[in-house]
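Biologist: Hello! Could you walk me through this model and tell me what lies behind the terms you use?
Modeller: Gladly, let's have a look together.

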Amino acid sequence: MTRRLLLLRHAEAAPPPAGDFSETADLARPLTAAGRAAAQRCGAWLRQHTLSPDLVLCSPSVRTRQTLEGLLPFQQPPAFPTRFCPEIYEAPPEALLAQIRTAPVQARTVLLIGHNPGISALARLLDQQAIALDQGFATASLAVFSMWGSDTGTDTPNWAQCDGQSLTLDTFARP
């Protein structure tokens with residue numbers, strides 16, 4: 001069975017309160033009404049494509065948590081193991097990849113919900129030939145990667161081996 005990595009940039013968030021550019025204020029930014037609707041469209045898209053994560057790695061920000069909440073009504077089962085990882089917030093691609101590499105071998109599909117520029121930089125790092133990524137990784141954009149050789153039996157790569165040599169972009173969507 002093929003392993004899949006889903007990279008989701010959080011949906012549209014409200015701007016920070018006037019003049020407050022602190023990390024605390026940024027972490028507290030909620031989704032806009034359009035952002036909530038976009039998160040639900042992402043959930044519907046995932047369901048339509050039968051992509052249900054075995055593990056979610058999520059930034060602890062309010063906007064990423066609310067993006068995840070928007071997906072839940074469309075998932076089967078409606079709840080899955082979730083790790084809220086402070087290391088994902090404002091992380092460079094290498095730090096995001098380090099979090100993915102901690103996923104247990106039993107997880108066949110891993111969803112990472114994070115922020116730009118880290119998410120788009122990670123997607124480009126994982127598949128430098130991915131022309132679709134040149135369109136930009138707007139809010140509520142989703143990249144679906146397959147792990148090479150992940151359906152070959154006992155030689156199945158695990159998440160600890162995840163890198164740009166083992167993954168290829170299958171789909172890039174803005175539901």
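Biologist: Leaving aside its neighbours within four places in sequence, which residues is Leu-6 in contact with?
Modeller: Bear in mind that this is a predicted model. Leu-6 is in contact with Leu-46, Leu-51, Thr-109, Val-110, Leu-111, Leu-112, Leu-142, Ala-143 and Val-144. Its place is in strand S1, residues 4-9.

Biologist: Why does Leu-6 count as buried?
Modeller: Buried means under 20% relative accessible area, and Leu-6 has 0%, so the term applies.

Biologist: What makes Arg-4 and Asp-170 a salt bridge?
Modeller: The cut-off is a side-chain nitrogen within 4 Å of a carboxyl oxygen. Here the closest N and O atoms are 3.1 Å apart, so the pair qualifies. Arg-4 sits in strand S1 and Asp-170 in strand S6, 166 residues apart.

Biologist: Why is Arg-4 called partly exposed?
Modeller: That class lies between the 20% and 50% limits. Arg-4 has 24% relative accessibility, so it belongs there; Asp-170, at 39%, also counts as partly exposed.

Biologist: Which residues are linked in a network of salt bridges?
Modeller: Asp-26, Arg-29 and Arg-63 are. Asp-26 meets Arg-29 at 2.8 Å, N to O, and Arg-63 at 3.1 Å.

Biologist: Is Arg-63 buried or exposed, and why?
Modeller: Buried, because its relative accessible area is 4%, against a limit of 20%. Arg-29, at 16%, counts as buried too, as does Asp-26 at 15%.

Definitions and conventions. Residues numbered from 1 in each chain as written. Predicted model: local features only at pLDDT ≥ 70, side-chain atom pairs only at ≥ 80, totals over all residues. Heavy atoms only, no water. Helix = DSSP H or I, 4+ residues; strand = E, 2+ residues; numbered from the N terminus. Buried < 20%, exposed > 50% of the residue type's maximum accessible area, 1.4 Å probe, protein only. Contact = heavy atoms within 4.5 Å.
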